[in-house]
Amino acid sequence: MADPKFPKMENVVAFIKLAIAIYSGVEEISKKTRAGDFLAKMFRRMKGLEGKRIAVIGATASGKNSLIARLRSEMVPTAHAQTRGSETVKKYDIRFPVPGHKPIEFKALKSVNVGGEEDERDRFWGDACREADIVFYLVDINRLIIEREETLKRVREDITWFRIEGLGGRGSILFKQNIKLAIIANKVDFFKEIHKNDIDIDAVASATLALTSEIDAIAKSALGPAISWLTGVYPLSIIDDDLFTLLFSAILADVAEKSDEAGRKGK
Amino acid sequence: MPLKKALSEVGVDLSSLPPSFVIGIPEPVLKVHGGNGFVLSQVVRLDNCIVISTSCQAGLDKSGRHVFLTELTVEENVETGSINLNSDYKFRPVGAGKEISDLVKEMREIAFDEINNLLMISSRFSRYKHLSSSQMIGMRYQPDWPKKKVINWLPSGGNYAIMLMALLLMGIVIYAYLAKSR
């Protein structure tokens, strides 16, 4: 097993390697002093997100409902009807499990669940983002592999929409000044198989980096003057328990740190 | 074809549709009404036309998610809008075969009475801009019709007097009990 160092999120290769390496057991990792210290630090950072409003957007079947289900401690849906329009979601408590620590709890106020089709983006995503402090934009990384051009085109259009709506360029929707956009390359479930089959971690990490870098470049170009909103592009698996706990913890910690930085600069 | 493009081809701006109007059948509505025979019909009255929509389930996609078939009809005559069971469509799904035509035919037949009913209500009460054949349970934006049921927790009329009597009686019993225990 590789040495479980805890890199900064900017170093995606190292992060991916870490995810693969520790797939064998988060518990085992948390026993190691260095790892334990890092986790403790990471969870202290995550605390900074308490009370923040979160929005989840993304194309159809990118994993929006699954992420919301995870956060609500519900079963991740395996198959369902695609979300249409703007559904009301009652307020709920988020209990995020932390290995070796007490779960971190967030309050999610009454929110909306929006569909992912392009017409729904134009009509309803503004509802979800208007009051949000942090927006998670989900991309299915497998679609990026299978339908590369089409997926990248959609990502560009979505992020452009985000910038235009957020800056108030098309109507009255204006996002919060210090809003943060975290792009999640979802469905990296193949990490699990890699660990099982002992495939070359460096090669997979590099390939994943190439994909996330493409999304990152497109996002930066599409955001233009609103580039400071972007916190990064993060790999995630929502359906795998261990990968989700580890990767989403790291994402939250990184987003929290960047939100703090933005908050300090804003004062 | 994306909805925005299809609508613009027939002169309807997507942004003119109310947010309560949806394509397909929302999951919360499907959960209540479910079943393959369920058809959701909607009528939207715009300034220069009426948009009629009917949606039904049309199987599952390769990942196991429900797929819906929606037929949109744009009628220019706002006052006498009606549906034609035998009209041909301007746009159809790419690669759609006979099974789609059969499903559309079946859906039209199921929705025929509902749509005509909604059109009748729409022409009588022009303040209703978006009418739906079913309550849009769980949706953030509600159509103007059917009206959302208002549950009035406060009693009214005769019930109010009975409730007051009950409270008074309860007060007497509590007072008597306390007096006895002293």
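1. Which residues does A:Val135 touch, not counting residues up to four places away in sequence? They are A:Ala55, A:Ile57, A:Cys129, A:Ile179 and A:Leu181. Two residues are in contact if their C-beta atoms, placed from the backbone, lie within 7 Å.

2. This is a predicted model, in which local features need pLDDT of at least 70 and side-chain atom pairs count only at pLDDT 80 or more, while totals for chains, interfaces and linings use all residues. Residues are numbered from 1 along each chain as its sequence is written, and chains are lettered from A and ligands numbered from 1 in the order in which they are written.

3. A:Val135 is also among the residues with the most contacts inside the largest nonpolar core, which has 55 residues. A nonpolar core is a set of buried Ala, Val, Leu, Ile, Met, Phe, Trp, Tyr and Cys residues joined through C-beta atoms within 7 Å; buried means that 20 or more other C-beta atoms lie within 10 Å of a residue's own. Helix α10 of chain A (residues 241–266) gives this core its largest share, 10 residues. Another core, of 27 residues, lies apart from it and includes B:Phe21 and B:Met136.

4. Chain A has an open sheet of four strands in the order β1-β6-β7-β8, with parallel pairing. Strands are DSSP runs of E, at least two residues, and helices are runs of H or I, at least four. Strands pair if DSSP finds at least two bridges between them. The edge strands are β1 (54–58) and β8 (230–236) of chain A.

5. Strands β6 (residues 134–140) and β7 (residues 180–186) of chain A are joined by seven bridges. In this pairing, A:Asp140 stands opposite A:Asn186.

Conventions: A residue is buried if 20 or more other C-beta atoms lie within 10 Å of its own, exposed if 12 or fewer, and partly exposed in between; C-beta atoms are placed from the backbone.
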